[in-house]
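Hi everyone, thanks for coming.

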Amino acid sequence: MKIHEFQAKQLLRDARIAVPESIVARSGDEAAAAFAQLAGSVAVIKAQIHAGGRGKGTVATNPQQRGVQLVKSAAEANTVATNLLGHQLVTIQTVPEGQLVRQVLVEAGCDIARELYLGLVVDRARGLPVLMVSSEGGMDIEEVAANSPELIYKEAFDPNAGLQAYQVRKLCHRLGISGKTTRSADRFMRSMCKLFVDLDCSLAEINPLVVTGDGELVALDAKMNFDDNSLFRHPEIQKFRDVGEEDPAEVRAGEAGLSYVQLEGSIGCLVNGAGLAMSTMDLIKMHGGEPANFLDVGGSANVEQVTEAFRILLADKNVKAVLVNIFGGIMQCTTIANAIVGAYKQVGFNVPLVVRLEGTEVEEGRKILAESDVDIVAAENLTDAANKVLAAVI
Amino acid sequence: MSILIDKTTRLVCQGITGRAGEFHSKNCLDYGTKLVAGVTPGKGGQEVLGVAVYDTVVEAVEKQGADASMIFVPPAFTADAILEAIDAGIKTIVAITEGVPVLDMVRVRKRLQDINAGIRDSAAAIRLIGPNCPGVITADECKIGIMPGYIHKKGSVGVMSRSGTLTYEAVWQLSELGLGQSTCVGLGGDPIVGTTPVDLLEMYQVDDQTEAIMMIGEIGGSAEEEAAAFVKDHVTKPVAAFIAGRTAPPGKRMGHAGAIISGGKGTAAEKIAALEDAGIEVAASPADMGTAIQRALARAK
């Protein structure tokens, strides 16, 4: 699960990790008032959307306006906030139409001496959380990772013991941090590692992590993602969920216990199992088609879930044909056959439907489909299924 | 011989009184698995499917000689159930449960590594398969997990995979081609799992029943790259592979918590290049998994 920058900064503040003073605003007037309240000569207005790349992102209808901007007066804060709020911000990480900005963060200016990078992830190969820092903060860290990986320093740590003081000293040495700033770094890094573990984060990123003129470390930006599997033990994080930032079809699928990812092609896919669903997308692409989605109905979906899956697929205007690929294991082919017949009656199919069934109770399943009045193109195997669904969209 | 499990394996099911636990325990019994006990804390003394239920795994070990466990407990309690099985001396632990918190698995894996570090003979190491996996099956001998038993055919191809239904698809293709299997292992779709492809390659390489190895991977992480490097240096048996997710966009999680391309890493293209470099026969299409093993076998002759 993703949260907004202002929410992540609240979590940091609660953990006594330094962040600049800031106020959330939902109108130009609120932004102007926030500027006055912060009482500084400058402030930064930052669009709050879940996607990154906001600093270089621009408003769809007003390409002059970027997603993050320095302002020097309450009036200017009002103008910039008004330009952003209620408009679509397009960044490298959003869909092409952009993401609606519904709130901005008005943040006090900061005396920046250096910009560093700090990130935390769980390293799959090592099976441990890893703290990563770099002196190359503020820029595109993925570029740094690709071009000069030696500039990213990593320390793995035991989640029970936390990051050790000597590890911080080592990182400070690498980053060229000395004197009293090492004390600030020790507090900052170890608190971040503890927060990452305590809240079951899947990713935490502070970019830039600023060293101020006074030699203190301050989180100028904050991005936190959480392990969905751990949310049951974090009601305080669950309440930060902002459904407005998520794809409506994906939210709907999630509520029905389906795993769905919207893509841009014309062939809708309905598959059981994540691996087989990915492979089905690959298969379509190999044969020259474009999948409209990834949709995994899971290993044990019932008739209602499969019907809902069809509703979601058929609601996508780009879908010109649907490929159902089921390998019945726990899920019986009769379940999927009954669901197809049921969905046909309830939802109605306006596009061709290619069905490939295999596995548990396959003969009975095929029989149900053959005896129904649903117009189905039956496929023998994967290659046959791909050929038939491709033929249907041409 | 096969790897991990065979007809002598004595299985306990942790979570046998739950809906899924009982349903799949029955299927395992029907397949011929020696399911000797069940465990559900607080329900000791009951009987399910003619099998005695205990409060603790240690009782199942002491009273029924259990040496393998199949775990169906809810995700919040799975780490505890795995640790209990390790503590009780269970050698092969198969965690089916989906949705286990990642940091719980970090702690479990640490514990497993600490214990195994004290075991000199790697054949005696404690093995955790999963979580979020379909399980392990040695055809005609022992089935631990949720896979449909009837598609498997006894033979000499070792199959390992990070995904469930895609494994069934591969096994189906192999069986249709008359290529039976030794042991099929579902490694699990989570970022951190107990057993990696490298661990299994090591086991298949020394197993005399296994003559060829089918490896099914997917985008995300670097397990396939590590496996490719291991094959290059240590595996003499023919290996074929398939990687799911060639067309998956970066940053989007494809169902499995582990299946995500992040920071441009873990792409199918990178994995396929590493596999081909190691001399592995890579199936271009998911329809081509069985024939890829045929090609790998033919090439080895």
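Let's start with the largest cavity, which holds about 50 Å³ of space. By cavity I mean a set of points, on a 1 Å grid over the protein atoms alone, where a 1.4 Å probe fits but cannot get out, and lining residues have an atom within 4 Å of a point. The volume is the space filled by probe spheres set on those points, joined across faces, edges and corners.

Quick caveats: this is a predicted model, where local features need pLDDT of at least 70 and side-chain atom pairs pLDDT 80 or more, while totals for chains, interfaces and linings use all residues. Residues are numbered from 1 along each chain, chains are lettered from A, and side-chain values use heavy atoms, without hydrogens or water.

So who lines that largest cavity? Among them are B:Met147, B:His152 and B:Tyr168.

The second largest cavity has a volume of about 40 Å³. Its lining includes B:Met160, B:Arg162 and B:Glu224.

Now the contact, meaning heavy atoms within 4.5 Å. It takes 53 residues from chain B and 47 residues from chain A. Together the chains bury about 3900 Å², that is, accessible area (1.4 Å probe) lost on being put together, summed over both.

How many salt bridges link chain B and chain A? Five, each a side-chain nitrogen of Lys or Arg within 4 Å of a carboxyl oxygen of Asp or Glu. B:Lys110 makes one with A:Asp158, the closest N and O atoms being 3.9 Å apart.

Note on methods
Buried area = accessible area lost by both parts, 1.4 Å probe. 1 Å grid on protein atoms, 1.4 Å probe; cavity = no way out; pocket = protein on both sides within 12 Å on 5 of 7 lines; lining within 4 Å.
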